[in-house]
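Good morning. Please look at the model on the screen while I talk through a few of its features.

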Amino acid sequence: MAALRVLLPRLRGPLRPPVRCPAWRPFASGANFEYIIAEKRGKNNTVGLIQLNRPKALNALCDGLIEELNQALKTFEEDTAVGAIVLTGGDKAFAAGADIKEMQNLSFQDCYSDKFLKHWDYLTQMKKPVIAAVNGYAFGGGCELAMMCDIIYAGEKAQFAQPEILLGTIPGAGGTQRLTRAVGKSLAMEMVLTGDRISAQDAKQAAFEMTLTEGSKLEKKLFYSTFATDDRKEGMTAFVEKRKANFKDQ
């Protein structure tokens, strides 16, 4: 795996080569997860590993998956034996994005009243370092989830994208804010406005003027507002129905 360093504001430190650890050890809580696999690694169980596990859906981030992820993160955070957490997916996809079927019929009022996606930010509250090990697709919410981590290790075939514009919406979980800090303002704008992918080799480091907290709040408001448009409804419906969207700028 060729390592890509994407250091976000929470942590500044050098990358080190992957550590070869002994066999998997059972998750401390014995939790039975449906959408993730949580294990402890290392000679002294010092590494918590969380693997997104919806292979048929390319690890699409449904609400249940995020809830399980947060539960595993909380357990590892409170486990004094665990010094670091690794978040990974599969060979084909880290996570291909949010679960569009769950969002398809939401309205602006639904998003605003329920503070949609608010619980996605739990990962950013971790005091222990969280490392994203990315292979394959990290699109939309998957790209945002990876960027919430302190460090990203990306395989040579890893691809990053924020393709929400193709669904008539914009990133809603920090994509517009963290992406500028990860790859620079110009490339971030190109990715968000076109939906184009970039490879691990193309990613760069940068920063932007607005603070992350302020920017994330504004981003969520703008994201919610897209749920009041006909084009957002059409974009997600077309995605679910596997057809080309017929946008009318409405």
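Is K40 buried or exposed? At 6% relative accessibility K40 counts as buried, where buried means under 20% relative accessible area, exposed means over 50%, and partly exposed is in between, with a 1.4 Å probe and protein chains only.

Some ground rules. This is a predicted model, in which local features need pLDDT of at least 70 and side-chain atom pairs count only at pLDDT 80 or more, while totals for chains, interfaces and linings use all residues. Residues are numbered from 1 along each chain as its sequence is written, and side-chain values use heavy atoms, with hydrogens and water left out.

Back to K40. K40 forms a salt bridge with D79, and their closest N and O atoms are 2.8 Å apart. A salt bridge here is a side-chain nitrogen of Lys or Arg within 4 Å of a carboxyl oxygen of Asp or Glu. The pair links distant parts of the chain, 39 residues apart: K40 is in strand 1, and D79 is in the loop between helix 1 and strand 3. Helices (H or I, at least four residues) and strands (E, at least two) are DSSP runs, numbered from the N terminus. D79 also counts as buried, at 14% relative accessibility.

The structure holds three salt bridges. Another joins the side chains of E78 and K74, at 2.6 Å from N to O. Both residues lie in helix 1, four residues apart, which is about one turn of the helix. E78 counts as exposed at 54% relative accessibility, and K74 as partly exposed at 40%. There is also E241 with R243, at 2.8 Å from N to O. E241 is partly exposed at 48%, as is R243 at 37%.

Now helix 1 itself, residues 63-78.

Next, the strands. Two strands pair if DSSP finds at least two bridges between them. Strand 5 pairs in the parallel sense with strand 3, over four bridges, and T88 has A133 as its bridge partner. Strand 5 also pairs in the parallel sense with strand 7, again over four bridges, and here V134 stands opposite A154. Four of the five residues of strand 5 are buried, so this strand is largely enclosed by the rest of the structure.

What about the core? A nonpolar core is a set of buried Ala, Val, Leu, Ile, Met, Phe, Trp, Tyr and Cys residues joined through side-chain atoms within 4.5 Å. The largest one has 37 residues, of which I50, L87, F94, V134 and L145 touch the most other members. Helix 1 gives the largest share of this core, six residues. Leaving aside neighbours within four places in sequence, L145 is in contact (heavy atoms within 4.5 Å) with L52, L61, L69, L87, F94 and L123. Apart from this core lies another, of seven residues, among them C111 and F227.

Last, the cysteines. C143 is buried at 1% relative accessible area, and C149 is buried at 1% too. How many disulfides are there? Taking a disulfide as a pair of cysteine sulfur atoms within 2.5 Å, the count is zero.
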